[in-house]
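Reader: Please walk me through the strands and helix contacts of this model. Keep it brisk.

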Amino acid sequence: MPGPSATRGEFEQFLAVDVSPELLELALTHRSYAYEHGGVAHNERLEFLGDSILGQAVTVMLYRDNPDLDEGDLAKRRASLVSSAALAEVGRAIGLGKHIRLGRGEELTGGRDKSSILADTVEAVIGATYLDAGGEAATGLVLRLIGPLLTDPERFGASMDPKTSLQELSARLGRGLPHYAVTDSGPDHSKRFHATVSLAGANIAEGDGTSKKQAEMAAALEAWTILSQRA
């Protein structure tokens with residue numbers, strides 16, 4: 001895998017798929033860049049497509065490789081592998097952040113290492129691959145990107161109970177108990193929740209969801225991933 005300092009050429013070589021420069025550039029264009037440059041096209045439609053390709057490829061892979069797992073366990077494993085935390089981990093591993101086109105505001109606030117932006121861009125690159133190189137190439141790219149995550153024996157346990165896993169890891173590292181702060185937005189019939197998890201007074205990670213519990217679990221999984229990498 002290319003490292004964080006990989007050049008664009010090294011990054012494209014790693015992808016090993018035939019994607020036009022124009023479409024790849026679109027996949028790497030965040031909406032903040034588009035808004036600051038006269039409303040040029042950005043990658044959210046490709047992200048939408050890539051999310052579907054990603055989910056299908058991971059689902060088929062898990063089904064074929066785990067004949068003894070029931071539907072519930074397969075679903076939990078899939079959720080772990082396609083989560084924003086996992087995709088952001090993939091993005092960091094391949095040095096994706098340095099190639100994303102960002103607006104000045106996102107650039108100044110650390111957007112190149114922001115988990116949500118990295119995860120969305122990974123999906124957009126998968127979508128671009130599908131359009132230009134076809135389904136087989138896109139599936140192959142997904143499996144290459146996700147493959148390293150499968151070697152972590154603790155990952156699936158964390159995805160099934162991220163709050164407990166985070167608490168146990170934090171205690172093992174001497175960081176104390178996690179604290180969650182949750183805010184909500186939107187109308188009553190369509191609320192969104194945003195959770196921030198902190199350790200020893202320092203914010204570690206954030207997560208979103210359609211319920212307080214879902215947001216806290218997303219934040220916990222992101223925090224567990226970050227702490228695991230540091231450990």
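Author: A definition first: two strands pair if DSSP finds at least two bridges between them. Helices (H or I, at least four residues) and strands (E, at least two) are DSSP runs, numbered from the N terminus. This is a predicted model, where local features need pLDDT of at least 70, side-chain atom pairs count only at pLDDT 80 or more, and totals for chains, interfaces and linings use all residues. Residues are numbered from 1 along each chain as its sequence is written, and side-chain values use heavy atoms, with hydrogens and water left out.

Reader: How many bridges join β2 to β3?

Author: The two strands run antiparallel. Val197 stands opposite Ala205 in β3. The number of bridges joining β2 to β3 is seven.

Reader: Which residue in the turn of the β2-β3 hairpin has a positive phi?

Author: Two residues lie between the strands of this hairpin. The phi in question is about 55°. It belongs to Ala200.

Reader: In what order do the three strands of the open sheet lie?

Author: Seven bridges join β1 to β2 (residues 192-199), an antiparallel pair. His179 stands opposite Ser198 in β2. The pairing in the sheet is antiparallel, and the order is β1-β2-β3.

Reader: Which strands stand at the edges?

Author: An edge strand here has a single partner, so one of its sides is left without a neighbour in the sheet. That describes β1 (179-185) and β3 (202-209).

Reader: Which helix packs on the sheet?

Author: Contact means heavy atoms within 4.5 Å. Axes are lines fitted to C-alpha atoms, for helices over the stretch in contact, and angles run from 0 to 180 degrees between N-to-C directions. The helix touches β1, β2 and β3, and its direction makes about 135° with that of β3. It is α12 (residues 212-230).

Reader: At what angle do the axes of α11 and α12 cross?

Author: The axes of α11 (residues 162-172) and α12 come within 8 Å. Contact residues include Leu166 and Leu169 of α11 and Trp224 of α12. The crossing angle is roughly 35°.

Reader: How are α4 and α5 oriented to each other?

Author: The axes of α4 (residues 44-65) and α5 (residues 71-81) come within 10 Å and cross at roughly 135°. Angles under 35 degrees count as roughly parallel, over 145 as roughly antiparallel, 65 to 115 as roughly perpendicular and the rest as oblique. α4 and α5 are therefore oblique.
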